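Subject: Structure for you to look at

Hello,

Here is the structure I said I would pass on. Please open it next to this message and follow the notes below.

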Amino acid sequence: MKTYFKHFIVLGITLLTLSSCSKQLYQSTSYKEVEIIRDKWGVPHIKAATNAQVAYGLAWAECEDDFKTVQEQMMAIRGYLGEVKGKQGVVADLGIKFMGLREVANKAYPNAFSKEFLEILHSFIEGVNAYAKSHPKEVMLKKLFPLQPQDLIAGYLLGLMEITNTRGELEKIMNGSIAKDIPKELSRGSNAIALNANKTKDGDTYLAINSHQPMEGWYSWYEAHLVSDEGLNILGATFPMGVTIFHGANKHLGWAHTVNYADFSDIYQLTMHPTKKNYYKFDGEWLPLKKKKYKSKVKIFAGIKIGIKRTIYHSKYGPTFKTDKGWFAWSFSVQHAAKAMEQWYNMNKARNIQEFKKALAPRDIPSTNIVYADKEGNIFYVSNARIPNRKSQYNWRAVLPGNSSATLWNNQFVPFDSLPQVKNPASGYVFNTNNTPFSSSGKADNPKETALNKMMGFKGTNNENPRSLRFMELMEQNPGKISYEDFKRIKFDRQLPSKMAMWGIPNLEILFNLDPKKYPDVADEINLLRNWDRKYEVTNTEPKLFMTTLRTLSRVDRSKLKGKITEELCYKALKAVKAFLIKKYGKVAIPLGEYQKHIRGNVEIPIAGGQGVLSAMYNRNIPGKNKAKVYSGETYIELIRFTKDGQVKIESISPYGSSAVPGSPHYTDQMKMFANQQLKTMSLDIEVARKNAEKIYHPIRYVKKEKK
C-alpha cells in the first residue's frame with residue numbers, strides 16, 4: 001500500500017475515494033475536461049484533452065451502463081463474491097485465489113508499466129471509485145471500494161484465463177479428474193475476416209469483427225468511441241472494466257480477435273519426499289513447498305456469513321495442489337501477462353502496420369488470433385501466442401515430470417516471426433473461425449505447419465470446423481472479386497457446410513444419408529433431414545431435430561469407433577429424439593422461430609442462427625417453457641471499410657443495447673435490428689456524434705478541499 005500511495009503522489013494524481021477516513025474532506029466537481037456524448041443508441045463517445053482523461057470518462061460510462069457487472073468482477077478478484085452470491089460466489093473467490101492472479105498483479109505493479117500507461121490506469125480506477133462514491137445506493141458491498149490498480153490488473157488476468165481456455169485444467173486438478181493425457185477443450189467460437197483490393201470489386205479494404213461471447217455478464221461486449229486531443233480516436237468494443245478498446249477501428253487501421261487453441265499451459269506431477277512433509281524433488285534436491293492460507297466468507301442467508309479457509313502451495317512451476325492422485329503443479333501463459341492491458345493501449349494508438357506489429361511483438365496478450373486491415377490496403381493474420389520455448393524431448397500434451405528444471409518454464413518464448421501468420425496474400429483475404437491457423441487464407445497462401453508445432457500445440461492442418469468449411473465453400477463459390485453486399489451476406493450466412501463434422505463426430509454425413517425404407521418408423525424424420533437446406537432460418541423446421549439428435553449422438557460411447565458413428569447409432573438416436581420431441585412439443589417438425597427467442601425484459605423476438613453456422617447462435621432452455629433463450633454466439637458485430645479515398649466507414653450492432661440497466665431506453669433498443677441482421681451507421685468523427693447527440697454531460701470528480 002505504501003508503494004501505491006507513493007506512486008500516486010509522484011504522478012500528481014489525486015485518488016478521490018480513499019476517503020474511508022472520515023476526517024478527509026472532499027468536494028465534487030464537474031470534470032469539464034471530459035465529455036460523454038451519448039448518441040441516439042446510447043453509445044458513449046468520450047472526448048477529452050488527454051488519453052488519461054478519456055480513460056476516466058470510459059470508466060464512468062461503463063459504471064453507468066453496467067455497474068452490477070463491474071462490481072461482481074471486482075468482488076471476485078478481492079475474494080468477496082461469496083459474501084454477496086453465496087456458494088456460487090465463493091467458488092469463484094477461491095478459484096481466483098488458487099490461480100495466484102493477485103500475486104502476479106502485485107508483482108507487476110507499478111514497475112512493469114510505462115509512466116504513460118500508469119496515468120491511464122490510475123485515471124480509470126479514479127473514475128470507477130468516483131462513480132461508486134457518487135452513487136452509494138448502487139454499491140453492493142461497501143468494503144469493495146476504493147478499488148486499487150492491482151484489482152484491475154488481476155481482473156484482466158482472469159479474463160485472459162478464459163480466453164486461453166486454461167482455467168479448465170485447474171478444475172481438473174482440483175476435482176481429481178486429471179489424467180496422464182490432457183485433452184484441450186475446444187468450446188468457444190468467433191469469426192474474423194479481412195479482404196483487400198485483390199478480392200473486392202470497389203478496391204476498398206473490408207474487416208469483419210465478429211467475436212462470439214456471452215451476450216451479458218463479465219465478458220460481454222461494450223461499445224464505445226474514445227477520442228482525445230493527443231490523437232486517440234478509436235471505435236469498437238471492450239468488456240466491463242476494460243481500460244481501452246479490445247478490438248475495433250481507428251482512422252488508420254482495425255483488427256478483430258478470435259480465440260485460438262495452442263498449448264498455453266502445462267501440468268506437472270511432483271515427486272514428494274517419502275517422510276519429509278511438503279518437500280518435493282527438483283534437480284536432485286528436496287525443496288519445500290511455499291504455503292499460503294486464504295480466507296473467504298460465504299453468505300448462508302440474509303445477514304449471515306460464515307468464514308472458510310483454504311490452503312494453497314507453490315512450487316517452482318507455479319500453483320501446486322494435493323489431490324487423491326498425487327501432487328500436481330501448474331504453469332500457464334497468463335502468469336506472464338500482467339502487461340496485456342498496456343499492449344491493447346498501444347494497439348489502440350497504432351497508425352500503421354509497422355506500429356501495430358511493434359505493439360504485438362511483446363505478446364503481453366498471451367493468445368488470440370488477430371485479423372488486421374488498414375487504410376493502406378494491408379491485411380494481416382497471426383495466431384498470436386506466448387508459448388515457452390519447450391524442449392523437444394518431452395510430450396508437452398501430457399502430464400510432465402515435475403522434478404527437473406528441463407521442464408520448467410523460463411523467459412524464453414517462441415519468436416513472434418515463428419507464429420503462423422499471413423500478410424497481404426495474393427488471394428486477397430485472411431480469416432479465422434477458431435479453426436486451424438494453417439488454413440487462414442487462399443490454399444496457396446496458407447502458413448505451413450512445421451515440426452515446431454509439436455511444441456507450440458496449435459490445431460493441425462486437419463482441424464477445421466463447420467464455420468471454416470462453410471466460409472471456404474463461400475469463397476469457392478465467389479472466385480472473383482466481391483462487393484461489400486456480398487461480404488455482408490458471407491458474414492451473416494446461416495447455412496451449414498455441404499459436408500461437415502461437428503462435436504467430435506468426423507463422419508456426421510451418415511445421419512443425412514439414412515435410407516427411409518430401411519427404417520420406416522423414423523422415415524419422416526430421415527426425410528426431414530435429407531431434404532433440409534441446412535439453414536438456420538426462423539421458418540426452418542429441421543434444426544431442432546438435427547441439434548437434439550446431434551446431442552444424443554455426442555453422448556454415446558464411440559471410443560471403439562474412433563469417434564465415428566454408425567447407421568445403427570443414428571437410427572437409435574432418431575428414434576429416441578422423435579419420442580422426446582413428440583412428448584415435449586407434440587411434433588417433430590418445429591419452426592426454429594417458434595422456440596428460439598431473443599429475450600430481454602419484456603421484449604421477445606424469434607431469432608435465427610445456430611451452432612455450426614457463421615451466424616452462430618447458442619441457446620438455453622427456459623425451465624417450464626417450450627422455448628429457449630439465446631445467450632451467446634453472435635454478439636457485438638462491427639464491419640469496417642477503409643475506402644480508396646481515405647474514408648473509414650463503420651457499421652455495428654449490439655445484441656440488446658448499450659445499457660444493462662432495466663428501464664433504460666437503451667436496454668433493448670438494438671434487439672430487433674440485431675435479430676434482423678441489420679446494422680447501425682457509426683462514425684469516427686466526434687462532431688457527427690455531437691451533432692446528433694441524445695445527451696452531452698460531464699462525469700463527477702472528487703477533489704480534496706483546501707484547508708483554510
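Which residues make a nonpolar surface patch of about 240 Å²? The patch is made by Ile300, Ile304 and Ile306. Ile300 is found in strand 13, which covers residues 290–301. With a relative accessible area of 45%, Ile300 is partly exposed. Please keep in mind that this is a predicted model.

Overall picture

The protein chain holds 19 helices and 30 strands. Its radius of gyration is 26 Å, close to the 27 Å that the globule rule gives for 708 residues, so the chain is as compact as a globular protein of that length. Along its principal axes, the C-alpha trace spans about 95 × 75 × 55 Å. Of the 708 residues, 60% are buried.

Helix 4

Helix 4 runs over residues 87–99. At 1.5 Å a residue, its 13 residues should span 18 Å, and the end C-alpha atoms are 19 Å apart, which agrees. The buried residues of this helix are Gly89, Val90, Asp93, Leu94, Gly95, Ile96, Lys97, Phe98 and Met99. Just after helix 4 comes Gly100, with a positive phi of about 75°.

Strand 15 covers residues 318–323. Is it enclosed or open? Five of its six residues are buried, so strand 15 is largely enclosed by the rest of the structure. A residue counts as buried when its relative accessible area is under 20%.

On one side of the sequence is strand 14 (residues 304–315), which pairs with strand 15 in the antiparallel sense over three bridges. Strand 14 and strand 15 form a hairpin, with two residues between them.

Strand 15 also runs antiparallel to strand 16 (residues 326–332), and four bridges join the two. Here Phe321 has Phe328 of strand 16 as its bridge partner. Again there is a hairpin, and two residues connect strand 15 to strand 16.

Backbone points to check

Most residues other than glycine have a negative phi, and most peptide bonds are trans. Some places in this model depart from that pattern.

- A cis peptide bond joins Tyr109 and Pro110, with omega about 0°. Pro110 is in the loop between helix 5 (101–108) and helix 6 (115–134).
- Phe145 and Pro146 are also joined by a cis peptide bond, and omega there is about 5°. Pro146 lies in the loop between helix 6 and helix 7 (149–163).
- Asn424 is not a glycine, yet it has a positive phi of about 45°. It sits in the loop between strand 20 (421–423) and strand 21 (429–432). Its relative accessible area is 31%, so Asn424 is partly exposed.
- Lys562 is another residue other than glycine with a positive phi, near 55°. Lys562 lies in the loop between helix 15 (543–554) and helix 16 (567–585). Its relative accessibility is 77%, so Lys562 counts as exposed.

Salt bridges

How many salt bridges are there? The count comes to 34.

The side chains of Arg38 and Glu64 meet in a salt bridge, at 2.8 Å from N to O. Arg38 lies in strand 2 (residues 34–38) and Glu64 in helix 2 (residues 51–78), so the pair ties together parts that are 26 residues apart in sequence. Arg38 counts as buried, at 7% relative accessibility, whereas Glu64 counts as partly exposed at 23%.

Arg38 also meets Asp65 in a salt bridge, at 2.7 Å from N to O. Asp65 is in helix 2 and Arg38 in strand 2, so this pair ties together parts that are 27 residues apart in sequence. Asp65 counts as buried, with 7% relative accessibility.

Elsewhere, Glu594 forms a salt bridge with Lys587, and their closest N and O atoms are 3.2 Å apart. Glu594 is partly exposed at 38% relative accessible area, and Lys587 is partly exposed at 32%. Finally, a network of salt bridges links Glu35, Glu687 and Arg690.

Regards

Definitions and conventions
Residues are numbered from 1 along each chain as its sequence is written. This is a predicted model: local features need pLDDT of at least 70, side-chain atom pairs count only at pLDDT 80 or more; totals for chains, interfaces and linings use all residues. Side-chain values use heavy atoms; hydrogens and water are left out. Patches are made of residues with over 30% relative accessible area and no salt bridge: like charges are joined within 9 Å, nonpolar side chains (Val, Leu, Ile, Met, Phe, Trp, Tyr) within 5 Å. Accessible areas come from the Shrake-Rupley method with a 1.4 Å probe; for residues, only the protein chains shown count as cover. A salt bridge is a side-chain nitrogen of Lys or Arg within 4 Å of a carboxyl oxygen of Asp or Glu. Buried means under 20% relative accessible area, exposed over 50%, partly exposed in between (1.4 Å probe, protein chains only). The expected span of a helix is 1.5 Å times one less than its number of residues. Two strands pair if DSSP finds at least two bridges between them. The radius of gyration is taken over C-alpha atoms; the globule rule is 2.2 Å times the number of residues to the power 0.38.
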